[in-house]
Amino acid sequence: MSTMIHSASPPRLEPWSAIPALPGGAPWIGHSVAFGKDPVAFLSEGRRHAGDLFRFRMMGQQVVFACGPRAHESVFKAEDSVLNAGDAYPFMKPIFGPGIGFDAEPEEMDRQMSLLARHLTSTHLQRYPTIMEAEIETCVQAWGDEGEIDLVPAMAELVAAVSSRCLLGPEMRRNMGSDTVGLYRDMAKGLRLAGLLNPGLPLPAFRRRDRARRRIAQELQHVIDTRRNGPNVAHQDMLQALLESRTTLGQPVSDETVIGMTIATTFAGVHNSTGLASWAGVVLLEQADMLPQLLDEQHRIVPAGSPLTAERLHGMELMGRCIREAERLYPPTMVLMRKARKPFVLEGHHVPVGTLVMISPTVAHRMVSAFADPERCDPARYADGRQEHLRPYNLIGFGGGKHRCIGRAFADQEIKAIWSVLLRRFDLRLLGAPHRPSYSTALISEPSAPCVLRYRTRQRG
Ligand code: HEM
């Protein structure tokens, strides 16, 4: 009897032209106006019209959008030499500076990221919670016993205080007033679609972005000069680690590079964390039936007079699930992009060199195939037995693969610490529901105004 061997023929690749193209769009600018107005509505509508893979044009560029875990995996796993993040985010270059982050060659970027990542992982995470708690307490003492405060600016102030103190050290924290928070916002408002074309165009938003960056760089330079020339103090922050680091040739890293890496990290962290801390507040406070359990968890894990520690923050499971649900429903970064440097295959289709490849956590997290009843706010979906977040490439609010967020654990501690202090100290209510996303701070989603937090100090006992 002869044995027949069937060799599986490779799946047939479809040409680029087989990817459905969205109708409409103006000459050259394509669909830029609709995308710029509301990227999530535009992409969701595109998906309803054309399915999980479609193409359109924006600012003279071809864009392909793909949705679903398999597409996410192939984008996240692609080599930088094939799909490049830096080429897709040219508008970051004026903020980070030349040769920093995405603007560096892939090997140099890897070196920079591993230097930064060291300060965002376990040893340092053990130290941060007590520092975070002290900073948050100092900020909220200024709120008084009761009142109302706009949620997003309040979160921006707390996040900036915590990040600057933990990562940049006491001097930057002392210098950081609402003015500095405004400077970071001015930089964020420079993230515009026009920057895809040329981030150096003479637009008012780009001028404000550059002015803000110069001011922050000056503040940092002042701190660096004092540290380099002043008395030897054993600083333990990320800024100091960067100052003491060496290039691959063993040379000290230039001040310009230290400043660029510092701005890149705090910028990446502050805006995303402000967005997620605000949305976490919406999820925590709008689940009225869950509030008593959340308070129980707080009082059980942090008995009166006990400090916040890494273990205690880690143990706040219910709060963790609420934050994860905020990440799913309202991921701060709503689109992630790469540019094809070499021909690429996406969902069985050829993608030509020069194409912008786009995925969207916001759109993907609402796929019925990805999450049960996806429109429903349901933190229990992450509890034992369900754990919907563990399906590979399903929950992608912090990215995935090689370029996944290195600040995730830090952001998790920061957001838990903020809401742990606020919940234990105040009776809280959020006014202005329902809260819808606003994309006015460039590419980051935040609850739109008015979103007011009413607080009143809890009675003892
Ligand atoms: C809630 C807070 C945060 C969210 C939602 C978030 C989200 C993300 C996402 C989606 C990416 C992937 C970008 C891409 O693939 O194109 C990313 C990368 C990154 N994040 Fe975060 N992030 C947060 C907080 C932070 C913090 C606190 C830091 C630092 C202190 C940070 C530093 C970075 C860096 C340096 C990268 C680039 C990594 C690489 O390309 O290799 N992030 N983040």
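Visitor: Which atoms does the side chain of arginine 338 bring to the ligand, and at what distance from an oxygen atom?

Guide: Keep in mind that this is a predicted model. In it, an N or O atom in the side chain of arginine 338 sits 2.8 Å from an oxygen atom of the ligand. That counts as a polar contact because the pair is within 3.5 Å. Histidine 403 does something along those lines, with a side-chain N or O atom 2.7 Å from a ligand oxygen. Tyrosine 89 also puts a polar side-chain atom 2.7 Å from an oxygen atom of the ligand.

Visitor: Which elements give two or more residues to the shell around the ligand?

Guide: Those are α6 (106-117), α14 (255-286), β5 (336-340) and α19 (408-425). Helix α14 supplies the largest share, six residues. The shell has 26 residues, and the nearest of them are Tyr89, Asn272, Arg338, His403 and Cys405. By class, the shell splits into 15 nonpolar, eight polar and three charged residues.

Visitor: Since α19 keeps coming up, how do I read its crossing with α17?

Guide: Two packed helices are described by the angle between their axes and the distance between the axes. For α17 (residues 317-329) and α19, the axes come within 11 Å and cross at roughly 120 degrees. The crossing is right-handed.

Visitor: Which residues make that contact?

Guide: From α17, it's Met319, Gly320, Ile323, Arg324 and Glu327. From α19, it's Arg408, Ile415, Lys416, Trp419, Ser420 and Leu423. Sorted by class, the contact of α17 with α19 has five nonpolar, two polar and four charged residues.

Visitor: And the backbone? Where are peptide bonds cis?

Guide: Most residues other than glycine have a negative phi, and most peptide bonds are trans. In this model, the bond from alanine 433 to proline 434 is cis, with omega near 0 degrees. Proline 434 is in the loop between β9 (426-431) and β10 (437-438). Another cis bond joins alanine 449 and proline 450, with omega about 0 degrees. You'll find proline 450 in the loop between β11 (446-447) and β12 (452-457).

Visitor: What is phi of tryptophan 28, positive or negative?

Guide: Positive: phi of tryptophan 28 is near 60 degrees. Look for tryptophan 28 in the segment before α1 (32-37).

How values were computed:
Residues are numbered from 1 along each chain as its sequence is written. This is a predicted model: local features need pLDDT of at least 70, side-chain atom pairs count only at pLDDT 80 or more; totals for chains, interfaces and linings use all residues. Side-chain values use heavy atoms; hydrogens and water are left out. A residue is near a molecule or strand if one of its heavy atoms lies within 4 Å of it. A polar contact is a pair of N or O atoms within 3.5 Å; within protein, one must be able to donate a hydrogen and the other to accept it, and residues adjacent in sequence count only if both atoms are side-chain atoms. Helices (H or I, at least four residues) and strands (E, at least two) are DSSP runs, numbered from the N terminus. Ala, Val, Leu, Ile, Met, Phe, Trp, Tyr, Cys and Pro count as nonpolar, Asp, Glu, Lys and Arg as charged, and the others, Gly among them, as polar. Axes are lines fitted to C-alpha atoms, for helices over the stretch in contact, and angles run from 0 to 180 degrees between N-to-C directions. A crossing is left-handed if the near helix is turned anticlockwise from the far one by less than a right angle, and right-handed if clockwise. Contact means heavy atoms within 4.5 Å.
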